[in-house]
Amino acid sequence: MRRALRVFSQVISTFSILLFTLCCVVIKPNLAIAAPIKIASVDFTKQPVIAVKVSLSNTANELKFIPDRFIFESGKRYKLLLNNSSAMKHYFTSKDFADAVWTQNIVAGNVEIKGNVRELELRPNTTAEWTFVPIKSGTYELHCAIAGHTEAGMRGNITIQPSA
Ligand SMILES: [Cu+2]
């Protein structure tokens, strides 16, 4: 009988811990919209950052992304190092991807921008760094929004996989 009582109280305490954790997860995003995202005990801003380079065109002005395929894992933190070394401006446009990540910041020149981003325009000989954490799994198309560039080959795709 005592044993049954002990098991019962253990179940109750486990359940209340679960309930508390769930409440934190559900309530927290509403309380802190601009604060770093934190689910359960994972602080994404403390994740080691994985640097990934992407070129928008090149010095030969070829209309392509290099590379043009990306695979990210949800819950990890990435820094996308964007570089446009061509003589034209180009866009990194992937709105559905942008909606599927949490953006920590974008650094361009001496300016750091915080908050959500939809697309980036890089002028000739410009770099930018986009630090983000993928949230929602899926495959998202990427293109350059300048007229004619997508058709000429400036497109690719970005996949977010569930964390292993
Ligand atoms: Cu372009």
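A: We may begin with a definition: two strands pair if DSSP finds at least two bridges between them. The model shown here is predicted.

Q: Which strands form the open sheet, and in what order?
A: In general, strands of a sheet pair through backbone hydrogen bonds, either parallel or antiparallel. Here six strands form an open sheet with mixed pairing, in the order β4-β3-β6-β11-β8-β9. Strands β4 (65-66) and β9 (111-113) stand at the edges; each has a single partner strand, so one side of each is left without a neighbour in the sheet.

Q: How many bridges join strand β8 to strand β11?
A: There are six bridges between β8 (residues 101-108) and β11 (residues 126-134), and these two strands run antiparallel. As one example, Val-107 has Glu-129 in β11 as its bridge partner.

Q: Is Phe-132 buried or exposed?
A: A residue is counted as buried if 20 or more other C-beta atoms lie within 10 Å of its own. Phe-132, which lies in strand β11, has 23 other C-beta atoms within 10 Å and is therefore buried.

Q: Which residues does Phe-132 touch, not counting those up to four places away in sequence?
A: Phe-132 touches Tyr-78, Val-101, Trp-102, Thr-103 and Gln-104. Val-101 is 31 residues from Phe-132 in sequence, but their C-alpha atoms are 6.3 Å apart in space.

Q: Where does pLDDT stay under 50?
A: The chain averages a pLDDT of 85, and 75% of the residues score at least 70. Over residues 17-33, however, pLDDT stays under 50, and the model has four contacts beyond four places in sequence for this stretch.

Terms used. Residues are numbered from 1 along each chain as its sequence is written. This is a predicted model: local features need pLDDT of at least 70, side-chain atom pairs count only at pLDDT 80 or more; totals for chains, interfaces and linings use all residues. Helices (H or I, at least four residues) and strands (E, at least two) are DSSP runs, numbered from the N terminus. A residue is buried if 20 or more other C-beta atoms lie within 10 Å of its own, exposed if 12 or fewer, and partly exposed in between; C-beta atoms are placed from the backbone. Two residues are in contact if their C-beta atoms, placed from the backbone, lie within 7 Å. pLDDT is the predictor's confidence in each residue, from 0 to 100.
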